[in-house]
Amino acid sequence: MNTWGFKLHDAVIQIAEMAAIGMGLPAETFVKKMEGGSHLLAPTGSDLEKNEVGAIFAGFHYDIAFLTAHGKSRFPGLYVWLRNNQKLQVKIPDGCLLMQAGKTFEHITGGYVLAGFHEVIYTEATKAAYLAAKEAERSIWRVSSTMFTHMRYNVDCSPMPELKHLHREKADEKYPKMNAFDILMTELSATNMVLESSEFSNHSANEK
């Protein structure tokens with residue numbers, strides 16, 4: 001698991017460097033902000049024998065992370081939304097990874113990069129693949145191997161002035177001054193995934 005996790009992490013580092021160069025920034029711009037971040041390898045498994053078509057494995061959402069790396073799953077079911085709201089089924093070629101931008105990446109670029117909406121559901125294609133796997137006596141678990149990479153908790157994630165020419169309209173209003181920890185707590189609070197805590201409040205305040 002450590003070996004796979006570091007491979008995913010290294011891939012994200014390369015993408016972060018490429019993104020910086022593409023935006024006219026030094027290659028290490030985003031990578032330096034990721035140093036000390038709470039990166040998380042989070043594999044998930046779903047027993048397809050205990051589910052039916054229409055089951056939701058991961059509801060419509062975006063990630064809080066800076067960048068998310070997805071390894072190819074054994075079974076289909078992942079969908080993404082494009083900027084024009086078109087919904088597409090993801091088909092990752094063998095030997096490739098899927099990279100998705102998270103809310104932190106959107107915030108620090110002033111909306112130039114948008115967090116990617118996605119979901120994972122049990123489809124007819126999933127069922128067909130499940131039946132084929134069962135017939136061949138292969139594993140019938142849908143395993144998704146995902147690496148969430150984050151910027152260090154105290155990194156200022158306010159829209160970067162160096163990217164002002166790329167910011168969305170009214171970026172300063174939509175993306176206020178926040179560090180990575182503030183973004184995390186804001187998103188978790190909005191989904192009722194964290195309780196009010198003086199410890200969190202004091203921690204955040206001390207870093208501002």
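Guide: One term to start with: buried means under 20% relative accessible area, exposed over 50%, and partly exposed in between (1.4 Å probe, protein chains only). By that scale, Phe 60 is partly exposed, because its relative accessibility is 48%.

Visitor: What kind of model is this, and how are residues numbered?
Guide: This is a predicted model: local features need pLDDT of at least 70, side-chain atom pairs count only at pLDDT 80 or more, and totals for chains, interfaces and linings use all residues. Residues are numbered from 1 along each chain as its sequence is written, and side-chain values use heavy atoms, with hydrogens and water left out.

Visitor: Back to Phe 60. Which ring does Phe 60 pair with edge-to-face?
Guide: Rings of Phe, Tyr and Trp (its six-membered ring) pair if their centres lie within 6.5 Å; planes under 30 degrees apart count as stacked, over 60 as edge-to-face and the rest as tilted. The structure holds seven aromatic pairs. In one of them, the ring centres of Phe 60 and Trp 81 are 4.7 Å apart and the planes stand at 85°, so the pair is edge-to-face.

Visitor: Where do those two sit?
Guide: Helices (H or I, at least four residues) and strands (E, at least two) are DSSP runs, numbered from the N terminus. Phe 60 is in strand E3 (residues 56-61) and Trp 81 in strand E5 (residues 78-81), so the pair ties together parts 21 residues apart in sequence. Trp 81 is partly exposed, at 23% relative accessible area.

Visitor: Which residues are in the ring cluster?
Guide: Ring pairs link Phe 60, Tyr 62, Trp 81 and Phe 117. Tyr 62 also has Lys 103 over its face, at 5.0 Å from the ring centre. For such a call, NZ of Lys or CZ of Arg must be within 6 Å of the ring centre and within 35 degrees of the ring normal.

Visitor: New topic. How many residues does the largest nonpolar core have?
Guide: It has 31 residues. A nonpolar core is a set of buried Ala, Val, Leu, Ile, Met, Phe, Trp, Tyr and Cys residues joined through side-chain atoms within 4.5 Å. Those with the most contacts inside this one are Met 23, Phe 30, Phe 66, Phe 105 and Met 151.

Visitor: Are Phe 66 and Phe 105 buried or exposed?
Guide: Phe 66 is buried, at 0% relative accessible area. Phe 105 is buried too, at 4%. Their rings form a tilted pair, 4.4 Å centre to centre with 45° between the planes.

Visitor: What is the strand order in the open sheet?
Guide: The order is E1-E10-E4-E7, with antiparallel pairing. Two strands pair if DSSP finds at least two bridges between them. Strand E1 (40-41) and strand E7 (98-101) are at the edges with a single partner strand each, so one side of each has no neighbour in the sheet. E4 and strand E10 (residues 146-149) pair over four bridges.

Visitor: What stands opposite Thr 146?
Guide: His 70 does. Their side chains make a polar contact at 3.5 Å. A polar contact is a pair of N or O atoms within 3.5 Å; within protein, one must be able to donate a hydrogen and the other to accept it, and residues adjacent in sequence count only if both atoms are side-chain atoms. Thr 146 counts as buried, at 5% relative accessibility.

Visitor: Is Arg 142 buried or exposed?
Guide: Buried, with a relative accessible area of 7%. Arg 142 is in strand E9 (residues 141-144). A polar atom of its side chain lies 3.2 Å from the backbone oxygen of Phe 75. The Arg 142 side chain also reaches the backbone oxygen of Pro 76, at 3.5 Å.
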